[in-house]
Amino acid sequence: MTENIIEVRDLVKHYPVTRGVVFKKTIGHVKAVDGVSFELKAGETLGVVGESGCGKSTLARVLMNLERPTAGQVLYKGQDISKLSGGALRRLRRQIQLVMQDPYTSLNPRMTVGDLIGEPFEIHPDVAPRGSRRTKVKELLDLVGLNPEHINRYPHQFSGGQRQRIGIARALALRPEVIVCDEPVSALDVSIQAQVMNLLEKLQAEFGLSYVFIAHDLSVVRHLSDRVAVMYLGKMVEIGTEDEIYERPTHPYTQALLSAVPVPDPTLRESKAIIRLQGDVPSPVSPPSGCRFRTRCWKAQDVCAQEVPLLQIRPGSDHPSACHFAEKREIVATHEVA
Amino acid sequence: MSDPNTASIVTTPPATMPTEAGSGAPTNAGLPESAKQQKPRGLLGDAWIDLRRKPLFWISATFILIFIVMAAFPSLFTSGDAVNGTLERSRVEPSSAAWFGYDVQGRDVYSRVIYGARASIVVAVVSTILTLLVGGTMGIIAGYRGGWVDALLSRIADIFFGLPFVLGAIVILTTFNGSGTDNGEWTIMGLVIMSLSVLSWPVVMRLMRSSVLATKEADYIVAARALGAGTGRIILKHLLPNCLAPLLVYGTIMVGSFIGAEATLSFLGIGLKNPVVSWGIMISEAQNYIRVSPYLLFFPAAFLVTAVLSFVMLGEAVREALDPKLR
């Protein structure tokens, strides 16, 4: 299980900012994703964390080929997905599926559950013969822990967690290899989050799925991920295994993020130093020169404004980090004590 | 790496059933209920089941059916003469001999109301359907494609939108149906329908366009695209059902306003002309005698109001049936 199923190379996605009604003039670009590279191995879960607006969802859309990248490539088994069209693209769609963030808007309110989960079979008729579709839909419902008898119900008759299960069943219908989860639990109650995550974990074990798991909640990502990538303002600042990121973070931004994770143990809370970041995330239309994090970083020096730090393994560390002054720091943020 | 095509997920039994309270419990509910649930249903099937339960639907549908039969076979309802009358019976009040009385020319109001249904209903319903089709299609194209297509279609719509309705209709109808022309009943109806539709589709287009714009960015459209759905499927299965509600409401109101508009055109002498009868013509004729013979206005107006109300109620019932949340 070491082959790369998805490879992302220097992915860039800029959205033009235009002015004018008839004669549109481009006055700038929102640099939503700006040079991101990573690979996803078969059967693994890559967590992507970052705050709102750092380009996580754009990354998901480009991975799903819903948006064309401005530059760079997304390779699925060595094939550039943005160059596919027609039949090849349809075959690709069967392999990469999406679970969306908001279960209240991602299901068509005027379709029954049976139609919603059966839609993939209608779009790809070769997956399941017409007669067997109904049975398959019921089996999928059963698989995600919903009552197959509810096949004729409408989305509004379900709770948020149940709706998210419907979304997962729809994504599973075509038996994909990769599922891109765009914050699949952030719209759910904490109690339901665990259920849905356990379901995702169970399905991964059962079907050998690979996940790209996007979230802004560090503990959620830790629960599920083998490797974690941290994004800031369209760039990846640190990537590594779950342990490397959570126990030995070297990038100041990761450290700040982790220091903000609430500690349930009141005795430990005393010994924990919270790093408070100053200011807001700069506008992605005109990000800072050099290191994008320098405007809020307590370590920033002159070199940070001039040189873009590369995502590479730094001395004294075991995983890539995009900081000129990467170093370990003691963080008491391990929520997974048990 | 397992090949996804050879092994189907659904043939694999789930390793562990998630233990969620409530799941599985309703399975043991009454057998007839679960047997009913087994039958696959879609939005339209459910809408029909819902409609059948609504008295409002049956009442309005019955009325509309009666009006349609009236329009198609007026002789089933009356044996009287709608066109010729005797002047000695001018403005004779309603009686047992003539339930609705006689008009100024001594014509039987009852027969005229029955025969008037055809022109009124045909003009109103056909122009409504045409308007909805043209405006709806343009709205979907403009909203979904966006860009220069949207700009072009919207500007074309603005041109028609800028024409005042009566002025536009006068221009169209005096050109093709001015005094001295000798058009048949159906030709005139066609012209009236055309001028009504040509001048009203921009409203429907704007309505549809804004609905589509609001819906097309919805997550479920993105999800459908991610599944690989084509444009046709997205429009028919996802956009249209979710954008139809405002159109249905506006359409049913339009039926009523078109009957009135047809009357306005007839009153101006450019719409339907004698001997063709329509409710609009009757109402505009009756307005001079509203003080002395109010029944001349009352009967055609009552039919008009009933017809319009039936369409509005039918539209309302259908709209509610198509929205699963309102069931």
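# A walk through chains A and B

Let's start with one residue: B:Y295 counts as partly exposed, because it has 17 C-beta neighbours inside 10 Å. For that label, C-beta atoms are placed from the backbone, and a residue is buried if 20 or more other C-beta atoms lie within 10 Å of its own, exposed if 12 or fewer, and partly exposed in between.

Before I go on, a word about what we are looking at. This is a predicted model, in which local features need pLDDT of at least 70 and side-chain atom pairs count only at pLDDT 80 or more, while totals for chains, interfaces and linings use all residues. Residues are numbered from 1 along each chain as its sequence is written, and chains are lettered from A and ligands numbered from 1 in the order in which they are written.

Back to our tyrosine. B:Y295 sits in helix 11 of chain B, residues 295-322. When I say helix or strand, I mean a DSSP run, numbered from the N terminus: H or I with at least four residues for helices, E with at least two for strands. Which residues does B:Y295 touch, leaving aside its neighbours within four places in sequence? They are B:E93, B:P94, B:F100 and B:G101, where contact means that the C-beta atoms, placed from the backbone, lie within 7 Å. Take B:G101: 194 residues separate it from B:Y295 in sequence, yet their C-alpha atoms are 7.8 Å apart.

Now a pair with another story. B:D158, in helix 5 of chain B (residues 147-162), is exposed, because it has 11 C-beta neighbours inside 10 Å. B:S96 is 62 residues away from B:D158 along the chain, and their C-alpha atoms are separated by 54 Å.

What about chain B as a whole? It has 11 helices and zero strands. Of its 327 residues, 37% are buried. Look at the contacts in chain B with a separation of 6 or more: 70% of them come from residues 24 or more positions apart.

One helix there is worth a stop. The buried residues of helix 8 of chain B (residues 219-227) are B:Y220, B:I221, B:A223, B:A224, B:A226 and B:L227. What do they pack against? From chain A, there are helix 2 (86-95), strand 6 and helix 3; from chain B, helix 7 (185-216) and helix 9 (231-267). Just after helix 8 of chain B comes B:G228, with a positive phi of about 100°.

Over to chain A, where we do find strands. Four of them form an open sheet in the order 2-1-4-5, with antiparallel pairing; strands pair if DSSP finds at least two bridges between them. The edges are strand 2 (25-41) and strand 5 (79-80) of chain A, each pairing on one side only. Helix 1 of chain A (residues 56-63) packs on this sheet, touching strand 1 (4-19), strand 2 and strand 4 of chain A. Strand 4 (residues 71-76) and strand 5 of chain A are joined by two bridges, and A:L75 has A:D80 as its bridge partner.

In strand 1 of chain A, find A:D10. A:D10 is not a glycine, but its phi is positive, about 45°. Is A:D10 buried or exposed? Exposed, because 12 other C-beta atoms lie within 10 Å. Compare A:L233, in the loop between strand 9 (227-232) and strand 10 (235-241) of chain A. Its phi is also positive, near 50°, but A:L233 is buried, because 24 other C-beta atoms lie within 10 Å.

Next, strand 7 of chain A (residues 178-182). Four of its five residues are buried, so the strand is largely enclosed by the rest of the structure. Strand 7 runs parallel to strand 6 (residues 96-99) of chain A, with four bridges joining them. It also runs parallel to strand 8 (residues 210-215) of chain A, this time with five bridges. A:I179 is the bridge partner of A:Q97, and A:I179 stands opposite A:Y211 in strand 8 of chain A.

Last stop: two packed helices. In chain A, helix 3 (residues 113-123) meets helix 4 (residues 133-143) at an angle of about 115°, with axes 9 Å apart. Here, axes are lines fitted to C-alpha atoms, for helices over the stretch in contact, and angles run from 0 to 180 degrees between N-to-C directions. Helix 3 of chain A brings A:G114, A:I117, A:G118 and A:F121 to the contact, and helix 4 of chain A brings A:R133, A:R134, A:K136, A:V137, A:L140 and A:L141.

Terms used. Contact = placed C-beta atoms within 7 Å.
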